Amino acid sequence: MAPYTQQKTVVIGAGPVGALAALYAARRGDAVEIYELRDDLRNPSTIPLNFTKSINLALSERGINSMRQAQCPGLLDAVLAETIPMHGRMIHGEEHGKLYEQSQTYDVRGRFIRAIDRAGLNKRLLDELERMPNVTFYFNHKLTGADFNRRIAWFEQRSKPVAGPRPPEIEINFDFMIGADGAHSAVRFHLMKYARMTYQQEYIETLWCEFRIDPSLDGTFRLSPNHLHIWPGQEFMFIAIPSMDSSFTSTLFLPASHFAELDRSPSTLVDFFKDRFPGVVPDLISEADLVKQYSENPHLPLINIKCAPFHYSSSVAILGDAAHAMVPFYGQGMNAGLEDVRVLYDFLDAYRPSPGSMPGGSDGMRERALSEFSKFRTSDAHVINDLALRNYQEMRSDVTSPIYKLRKWIEEKISIHVPLLGWATQYSRISFTNERYSEVERKAQRQGRILIRSMTMLSVGLVSGVSWWAWRWGNNSGTVGRLAHSGALLSSKLTRDGKGLT
Ligand code: FAD
């Protein structure tokens, strides 16, 4: 591909999304500068990201495809080599005093998601950037201001010794800024002063706290490594994701009020776990370790952010959590952020100025590309934010429901045996395809409507048959009423349950 006329692209934030965006820009020949608040993640003294971020994540097709399209030979293979396939969920519970595990595969066609170490992925992307001559890193630089008309930005240099009350500040100029600076984005904050941005932010009632399940004494996994483990608890849940060192990273998701209760009476923590998450303590985490990790690891909030547009003029676009931070229950936050990069560059490539075009022409073309990108992507981002919120209910509760399982079973059977209908579960479309999120939601709703109609017809048929039978045999009407009620209940639950989860 012929390079663009060299432009200066500055990327704010060297998290996974910023790093991938920088790679895309650099591969197109831009002079790329990356400004990151923290020190280099690869420096052993840097405070690990997992202090505020989960240690490992579920990587799926959208994230994988975005790396595939980055035109960096070997990148994807190297990333995937450091992942662990998760073929399904393992639901844990207790019945009649006996522990049980129940595996639910993610995909009838055998596709799977992958557990990946967040820091490992981030480092790999930074290493890739390090090799490119047109990329410069500025670690310990915090964006403090931006003028998107004059294309000037200001940064605090945090590594420099502070003489006065504030660290020294530098001013830079740029052609194009990509804001990938996370949920509390400074780029978005400044963008709001320029674009007529609609903005909505919500903290959900749930907090999360991470725990580690060590490998067993012989160094092997204590649970099946190829599952995402869930202990559903109706109002809360505990999950575990495998790591390359044979440990698991587990997360407790619990309402803030419940955390507060446990904080008030820490002695109840172990009993709470024994009661609600059977088999975790002491089999996987010792009592002492549980108490220690609970008190030492932070209890963090979950934020959901929707905004629009994602750009201003030809000078700036926001991506990843900066544009659409979401709750983690569909395992899509980072995947969607990486997909933003691919989609943004699809538009930038489509509006690439032809060689020798008029000066300033590239700005006009970029403005059109950004405007199209914003329109296209905001609707998809809003859909996945909503789906992620709804999925919490499914993960912590519906996953054990027979109706959920029935809908999944029906949809998978149709998908395999009647491929012409193009049926698939919502989960498989979200996790294993690159279809637009909005399109996935539309198809899932359509499938839901068809299922209701079929179930209603089935119930009506059943009820009519039973009525006839009752009339014929002089049976009482109570049976008929109960059957009619069950039929209606079944069809209405089918619309709600079984939409898919991580
Ligand atoms: P970030 O990772 O937040 O990176 C932003 C970077 O910008 C940081 O390095 C930060 O230091 C820097 N920065 C911030 N402010 C400034 C500034 N002013 N100047 C310069 N730099 C700045 N997603 C998935 O896809 N799958 C999962 O399984 C999954 N599980 C999750 C589990 C939990 C518990 C949580 C909380 C999230 C999960 N996510 C998951 C979501 C995922 O973590 C985020 O979507 C992803 O990290 C977003 O990446 P990002 O690069 O946009 O932002």
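The model is predicted, so local features need pLDDT of at least 70 and side-chain atom pairs count only at pLDDT 80 or more, while totals for chains, interfaces and linings use all residues. Residues are numbered from 1 along each chain as its sequence is written, and side-chain values use heavy atoms, with hydrogens and water left out.

Strand β14 covers residues 227-232; strands (E, at least two residues) and helices (H or I, at least four) are DSSP runs numbered from the N terminus. Six of the six residues of β14 are buried, that is, under 20% relative accessible area with a 1.4 Å probe and protein chains only. His 227, His 229 and Trp 231 lie on one side of the strand, and Leu 228, Ile 230 and Pro 232 on the other.

β14 pairs with strand β5 (residues 88-95) in the parallel sense over four bridges; pairing requires that DSSP finds at least two bridges between two strands. In this pairing Ile 230 of β14 stands opposite Ile 91. With strand β15 (residues 237-242), β14 pairs in the antiparallel sense, again over four bridges, and Trp 231 has Phe 238 in β15 as its bridge partner. Four residues separate β14 and β15 in a hairpin, and Gln 234 in the turn has a positive phi of about 65 degrees.

Elsewhere, Trp 471 lies in helix α14 (residues 437-473). Trp 471 counts as exposed because its relative accessibility is 67%, the cut-off for exposed being over 50%.
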